[in-house]
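Hi,

Here is the structure I promised to pass on.

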Amino acid sequence: MSQFIQQLHQAFTDSLLYSVGASPLHLQQIDWAKIGGVLLSQLVVSLVLLSFVGVLYIGLRRGLHLLEQRLHLASEWFSPIHQALRFFALLSTMIVVLSQLGIAAESVQAIARAAVAALVFYVFWVITLRFLSRALRRFQLEQAIHQLLRNILSVMIVLLGFAAVLAQFGVNIVSIIAGLGIVGLAVGFAAQSTLANFIAGITILIERPFRIGDWVRISNNEGKIIRIALRTTHLKTRDNISVIIPNQTVATSVLVNLTARPLSRFDIECRIGYAESVTQAREVISARLANFDRILHTPEPMITTKALADSGVTLLVRFWLSPELIAQLPMICEQ
């Protein structure tokens, strides 16, 4: 039985050597003591270098923590530095392992340069986004435009960082950028209307001709603004119907914001016959307005004669409304 197991082991060993292009004679010529010594020396050197990297990382992190406590700064400003330290520790560990595995020095240097480039772009991305957030909060821009600018800036930095990393490995970035430019041009021609609505949406969010909750008239549509997206603007009419208008139409149409001011004045025409007394008509209308609590009495309503028509005298009744009552304007006019 033992002889059978030995023969099986020998056959398995020979097959394994033949599969990698060696032979049993090569196995006998291998200096296992020399290989063991080389592996042991590489292991010792790796452990020493990794220990040095670990001690240096712990020391720098503790020093940074003490500096953070002494300066009494917010932890968000030191977070990128902590991440950079962890990144350098990981990078140093990877370089140590690759160098001990016999990887070519040029390849290790390219990997190190690529990692450092990625780290530089990451730190630049974090710092830039924080300064951008502070600037946008100072100008009190809409949250949608805030998020849009953050996304655009993030995409640009990521693309530049990716190009910088690829350049470290000898990749031709110019051809890639040219290809992306052609693709972007084709997409731009295919989506002209979408891009026009998108750009108009950005313009609306920056200029802010209206806000969510305002009552507006856009072309033949009137309603309350319930949503401002990058491509469309959503209204809710008095009939509780949602109207979705492309932002390009909003940007190129005459827009009336009925709630942009604290007070808004509206006119109603009333007509009486020539046989009726204008003074008495004014008194009746004034009494009705005085007892009507849905309009403002400061400023006071005003009744004037507008025109002498063929069938009678046209009176113009002017009154003021607060913004929250604009939606009830038709009902107020009927009453």
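To start with the sheet: in which order do the three strands of the open sheet come, and is the pairing parallel or antiparallel? The order is β6-β8-β7, and the pairing is antiparallel. Since β6 and β7 are at the edges with a single partner strand each, one side of each has no neighbour in the sheet. On average, neighbouring strands here are turned by 30° against each other, ignoring direction. Before you read on, keep in mind that this is a predicted model.

The pairing of β6 with strand β8 (residues 313–321) is antiparallel and runs over nine bridges.

Next, the hairpins. Strand β1 (residues 215–218) is joined to β2 by four bridges, and the two run antiparallel. One of the pairs to look at is Ile218, with Asn221 as its bridge partner in β2. Together β1 and β2 make a hairpin that has two residues between the strands. Check Ser219 in that turn, as it has a positive phi of about 55°. On from there, β2 is also joined to β3 by four bridges, again running antiparallel. In this case Ile228 has Thr233 in β3 as its bridge partner. β2 and β3 form a hairpin too, with three residues between them.

Now for the charged side chains. I get a count of four salt bridges, and here are some of them.

- Glu222 and Arg217 form a salt bridge, with the closest N and O atoms 3.0 Å apart. Glu222 has 21% relative accessibility. Because buried means under 20%, Glu222 counts as partly exposed. Arg217 is partly exposed as well, with a relative accessible area of 33%.
- Arg238 also forms a salt bridge with Glu222, and its closest N and O atoms are 3.0 Å apart. This pair links distant parts of the chain: Arg238 is in the loop between β3 (232–236) and β4 (242–246), while Glu222 is in strand β2 (residues 221–228), 16 residues apart. Arg238 is partly exposed, its relative accessible area being 35%.
- Lys306 forms a salt bridge with Glu269, the closest N and O atoms being 2.2 Å apart. Lys306 is in strand β7 (residues 302–308) and Glu269 in strand β6 (residues 264–272), so this pair ties together parts 37 residues apart in sequence. Glu269 comes out as partly exposed, at a relative accessible area of 47%.

Through shared partners, salt bridges join Arg217, Glu222 and Arg238 into one network.

Last, something on the nonpolar side. Which residues make a nonpolar surface patch of about 310 Å²? They are Phe52, Leu56 and Leu60. Leu60 lies in helix α3 (residues 32–71) and is partly exposed, with a relative accessible area of 43%.

Cheers

Technical notes:
Residues numbered from 1 in each chain as written. Predicted model: local features only at pLDDT ≥ 70, side-chain atom pairs only at ≥ 80, totals over all residues. Heavy atoms only, no water. Buried < 20%, exposed > 50% of the residue type's maximum accessible area, 1.4 Å probe, protein only. Patch = residues over 30% accessible without salt bridge, like charges linked within 9 Å, V, L, I, M, F, W, Y side chains within 5 Å. Areas by Shrake-Rupley, 256 points an atom, 1.4 Å probe, with all protein chains shown as cover. Pairing = 2+ DSSP bridges. Axes fitted to C-alpha atoms, helices over the stretch in contact; angles between N-to-C directions.
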